[in-house]
Amino acid sequence: MISGINCIDLIKKLNIDTHITTDNTIIIKKKVCEEIEKELDHNCGRIALVDLVNKLNVDILQIEEDCEYLIQNSKNKIILTNGDLLNKQYINNLINKINDSLEIKGILSILEFSQKNVLNSDFVFNLIKEKFSSNSNIIINKNEIYTKNFIEQQKTILNGILNSVSIPTTVASIQNQYNIHESAIKEILGNIKIYYPKLYINAQKNIIQNWLIQNGYIEFDFVKQYNIDNPKEYLLKIVPNIHICSNFAFTKAFCEQFEANINEIKHENFINILNWLPLSYQLNDVSEFINSLSLLRTLNKDTDKNDDNYIKQLKNFLVKNIYIKNCYNILKKYIEKKSIAYIQTKEYKIETDIQKRSTFLIQKEVKRLNQKELTDELKKQIEILNNELKIDENEVIEEVVKILKENLEEDYKYLLKSVFVPQNNEYQININEKLKLSDLIVRKYINLQMKSDSLKHFKDENIRRRLIDDLFENDFNELSILILAFSLMINLHDYTLFIDEKYNTINVDPIEKSLAIKNLDPPLSDLLNNLFQSLKNKLDISDIFEVLNTILTELQIKATPENEEIIKKEILKLNKDSLIQQLKENGKNINENSNHALILHLICLLIFQDSYNSPLFVSGKYVPSLLKGPLKQNNHHSDLLRYQKLIINKLKNKISDSETKNLLELSHTLIKLYI
């Protein structure tokens, strides 16, 4: 007897293609393929490779190899998909199932069919595409296959549904409720989102047309109320000759009647266009409507712009030139009287150099010529002339004054110059005022330097920048105006526009500053222009102090080093005394309801001044920044932090009795540092 090993060697030498089964049985490849085909037939044309392993007792790798061989030699009668072998009989059964579904339902979901038959959906799609794509009555997409007859049936159903709809309905709701196929919906309804029934469309049209017949116009917002998204397009469709504007549409008859009404201007000085337009018409719509009809061009045809009968549009009014000219003449007489009266006032201080030194005062007076004053005067004079104001004339006058004001200002400026009469050296410098103002400027300059130096102790760049911005908004601005007032004073110009009798600065327009500087000679005028430009651009503080220093030197009011030290000591003393006085007032009879936040603020400012020999002028919101930065190295820093924490708890109503006691003890301890 030959042993198993010798038997295997003998078969190998004979070059016979065989496999060894799991029970050590030798089986040739041809026999395995025959067995696979038998199992396929026995399982209705479909079997998994793993099932063949169990049935034939052959290794899975050998099964896969033999199946591949079998498929290659089957001439497409056997295929492999997702680990399953399928023969032609099984595939034909699949095709028959698909045909049956199409005959019965007209549509088949590829995904559902794949899941039901435990097949890959891509395989099913490719199978359907291969077998049915040549059929002109069948439509295939990635998700489903359906017949054209099915779509025709769906269209018939959809038409029935649409005939029963009486109000606007979303296409999505129709599709979802009645499960209508998307292709049928697209063929009948296209890409619309909402379906409007014919009955509704006819009702829409009747409402719009009836409104137009009754009123001659229609507002687009009104049209939109009836589910019409594009009123312009809709109105042009139902009324081809309608006149379209941005927010309204007008019938041809309305436009013709409007033009006839407008012709009344030929017999009037002005007319209000709004009297013949819809009540809801806005002022900004008037010009558009007038321009769209080219009415002004028609009314002014062959008429020169300077002619009395030339018509201008002022907002919602059409006004003749003659009316505007009459208004101008009335106001011209008024400003003539006003210019003569002005030179009698105390303010009109005449200088020796007429051309150079009158400009500032004249500009100041011209700026006072305001719209209300001119409007009130014109109304008064017209009422006197005609015994009454016509309807709408109040509004017309306001619009006329708006267009005349610029010319009247120029006329007034010319009149003031023409009546300018010099009075030799009437205006003189008050020595006491000069000394007081110069001393105030020097002290504010030194104080500002000390404030600026104090900010260097804040290491947080954002905090320091905010504090510097505060200096620009307040201190630098105030000092620059005081310097400008002093410059005008010593050069014999009116400075009262910039400071009051107590030397408080007055907020003025940049134009007024610029006009005032023009009355000064270089280099002072150049230095002041440079100063105000530097402040506007918020240049580096050191650069601005350099400009200020140069100006004070030019004005000869710069303090000597000795005087500067004296003034600094005075500022420090005054500031400290003021802070201690406030601390005394708020520290009396201290209890839990005392203003502890203010007390902490005052103590922080006092400690800062003592620590750095420099005053600090900041609000209470900067106390946390002080504690995080400049006061961090102070001996009392820990007490200040505890005090701050207790104050915050108190403000949040989250403070216990023991903490309240600590709050009062700490406040007494800290107050005693200065009282």
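Me: What do E15 and E16 form?
Reply: In this predicted model, E15 and E16 make a hairpin, with two residues between them. Lys 315 sits in the turn and has a positive phi of about 55°.

Me: How many bridges join strand E15 to strand E16?
Reply: Four bridges join them, and the strands run antiparallel. E15 covers residues 311-314 and E16 covers residues 317-320.

Me: Which residue in E16 stands opposite Leu 314?
Reply: Phe 317 stands opposite Leu 314.

Me: Where else is there a positive phi in a residue other than glycine?
Reply: Tyr 503 is one of them, with phi near 70°. Tyr 503 belongs to the loop between helix H23 (461-490) and H24. Asn 653 also has a positive phi, of about 60°, although it is not a glycine. The loop holding Asn 653 runs between helix H30 (637-651) and helix H31 (657-671).

Me: Is Tyr 503 buried or exposed?
Reply: Tyr 503 counts as buried because its relative accessibility is 17%, and the cut-off for buried is under 20%. Asn 653 has 70% relative accessibility, so Asn 653 counts as exposed.

Me: New topic. What order do the strands have in the open sheet of three?
Reply: The order is E11-E13-E12, and the pairing is antiparallel. Strand E11 (217-219) and strand E12 (243-244) are the edge strands, each pairing on one side only.

Me: How many bridges join E11 to E13?
Reply: Three bridges join E11 to E13. Glu 219 has Phe 248 in E13 as its bridge partner.

Me: And aromatics, how many pairs are there?
Reply: The structure holds 21 aromatic pairs. One of them is Phe 250 with Phe 289, a tilted pair at 4.4 Å centre to centre and 40° between the planes.

Me: Which parts does that pair tie together?
Reply: Phe 250 lies in strand E13 (residues 248-250) and Phe 289 lies in helix H15 (residues 283-293), so the pair ties together parts that are 39 residues apart in sequence. Phe 250 is buried, at 0% relative accessibility. Phe 289 is also buried, with a relative accessible area of 0%.

Me: Which residues form the aromatic cluster with them?
Reply: Tyr 217, Phe 248, Phe 250, Phe 254, Phe 258, Tyr 281 and Phe 289 form one cluster. Phe 248 is also the bridge partner of Glu 219 mentioned above.

Me: What about charges, which lysine lies over the face of Phe 125?
Reply: Lys 142 does, at 4.4 Å from the ring centre. In another case, Lys 451 lies over the face of Phe 617, at 4.6 Å from the ring centre.

Me: Last one. How many disulfides does a search of the whole structure find?
Reply: The search finds zero disulfides. A disulfide would be a covalent bond between the sulfur atoms of two cysteines.

Me: Are Cys 327 and Cys 604 buried or exposed?
Reply: Cys 327 counts as buried because its relative accessibility is 1%. Cys 604 is buried too, with a relative accessible area of 0%.

Terms used. Residues numbered from 1 in each chain as written. Predicted model: local features only at pLDDT ≥ 70, side-chain atom pairs only at ≥ 80, totals over all residues. Heavy atoms only, no water. Disulfide = S-S within 2.5 Å. Buried < 20%, exposed > 50% of the residue type's maximum accessible area, 1.4 Å probe, protein only. Phe/Tyr/Trp six-rings, centres within 6.5 Å; stacked < 30°, edge-to-face > 60°. Lys NZ or Arg CZ within 6 Å of the ring centre and 35° of its normal. Pairing = 2+ DSSP bridges.
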